[in-house]
Amino acid sequence: MPIVEFCGERIECERGATLRTVLREAGLDVHNGGSTTLNCRGHGTCGTCAVAVDGNQNEPTNREQLRLSVPPHDPEAGLRLACQIYVEGDMVVRKHPGFWGQRADCDPE
Ligand code: FES
């Protein structure tokens with residue numbers, strides 16, 4: 001079973017599980033600040049679950065590509081929407097600052 005690393009936690013999940021759901025069921029929030037309550041609940045339309053992901057995952061969905069092409073997101077930033085990611089294998093996930101998690105430019109690492 002794949003392992004997802006996020007915020008210092010290692011979560012084991014079923015292959016093909018949706019990343020946002022995996023994190024939420026582990027008690028981890030992929031949203032920043034007010035977007036914890038103001039979000040589309042995983043429909044791929046709000047863009048607030050954006051994360052940086054390294055690992056085995058599906059190709060971006062059409063809905064995801066559309067949302068990530070609209071500011072404040074930048075399609076060149078390489079972010080994904082956690083609600084549109086199917087965990088295909090081990091992965092490391094990072095959340096950037098900003099309401100949408102879009103601020104890869106000010107990541108402290
Ligand atoms: S929760 Fe809205 S795009 Fe993922």
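The model described here is predicted. Its secondary structure amounts to 2 helices and 5 strands, which follow one another from the N terminus as β-β-α-β-α-β-β. The strands form an open sheet with mixed pairing.

**Overall dimensions**

- The radius of gyration of the protein is 13 Å, which agrees with the value near 13 Å for a compact globule of 109 residues.
- Along the principal axes, the C-alpha atoms occupy a box of roughly 35 × 30 × 25 Å.
- Buried residues make up 33% of the 109 residues.
- Of the contacts between residues at least 6 apart in sequence, 61% link residues at least 24 apart.

**The sheet**

- The order of the 5 strands across the sheet is β2-β1-β5-β3-β4.
- Strands β2 (9-12) and β4 (80-81) are the edges, each pairing on one side only.
- Backbone hydrogen bonds pair the strands of a sheet, in either a parallel or an antiparallel sense.
- β1 and β5 are paired in the parallel sense, over 3 bridges; here V4 has M91 in β5 as its bridge partner.
- β3 (residues 50-57) and β5 (residues 87-94) are paired in the antiparallel sense, over 5 bridges; here V53 has V93 in β5 as its bridge partner.
- β3 and β4 are also antiparallel, with 2 bridges between them; V51 stands opposite R80 in β4.

**The nonpolar core**

- The largest nonpolar core comprises 21 residues.
- Within this core, the residues with the most contacts are V4, L19, C49, V51, A82 and V93.
- Two or more core residues come from each of β1 (3-6), α1 (19-25), β3 and β5.
- V51 has contacts beyond four places in sequence with V30, L79, R80, A82, V93, R94, K95 and G101. Among them, R80 is also the residue opposite V51 in β4, and A82 and V93 are also among the core residues with the most contacts.

**V87, in strand β5**

- V87 is located in strand β5.
- V87 counts as buried because 26 C-beta neighbours lie inside 10 Å.
- Leaving out residues up to four places away in sequence, V87 touches P2, V4, C13, R15, G16, A17, L19, V22 and Q57. V4 and L19 are also among the core residues with the most contacts.
- C49 is 38 residues from V87 in sequence, and their C-alpha atoms are 15 Å apart.

**E64, in helix α2**

- E64 belongs to helix α2 (residues 62-68).
- E64 is buried because 22 other C-beta atoms lie within 10 Å.
- Beyond four places in sequence, the contacts of E64 are G44, R80, L81 and Q84. R80 is in contact with V51 as well.
- A separation of 19 Å lies between the C-alpha atoms of E64 and T36, which are 28 residues apart along the chain.

**Backbone exceptions**

- Most residues other than glycine have a negative phi, and most peptide bonds are trans.
- C7 is not a glycine, yet has a positive phi of about 50 degrees. C7 is placed in the loop between β1 and β2.
- R41 likewise is not a glycine and has a positive phi, of about 65 degrees. R41 is placed in the loop between α1 and β3, and counts as exposed because it has 9 C-beta neighbours inside 10 Å.
- The peptide bond between P71 and P72 is cis, with omega about 10 degrees. P72 is part of the loop between α2 and β4.

Notes:
Residues numbered from 1 in each chain as written. Predicted model: local features only at pLDDT ≥ 70, side-chain atom pairs only at ≥ 80, totals over all residues. Pairing = 2+ DSSP bridges. Helix = DSSP H or I, 4+ residues; strand = E, 2+ residues; numbered from the N terminus. Core = buried A, V, L, I, M, F, W, Y, C linked by C-beta atoms within 7 Å. Buried ≥ 20, exposed ≤ 12 C-beta atoms within 10 Å, placed from the backbone. Contact = placed C-beta atoms within 7 Å. Rg over C-alpha atoms; globule rule 2.2 N^0.38 Å.
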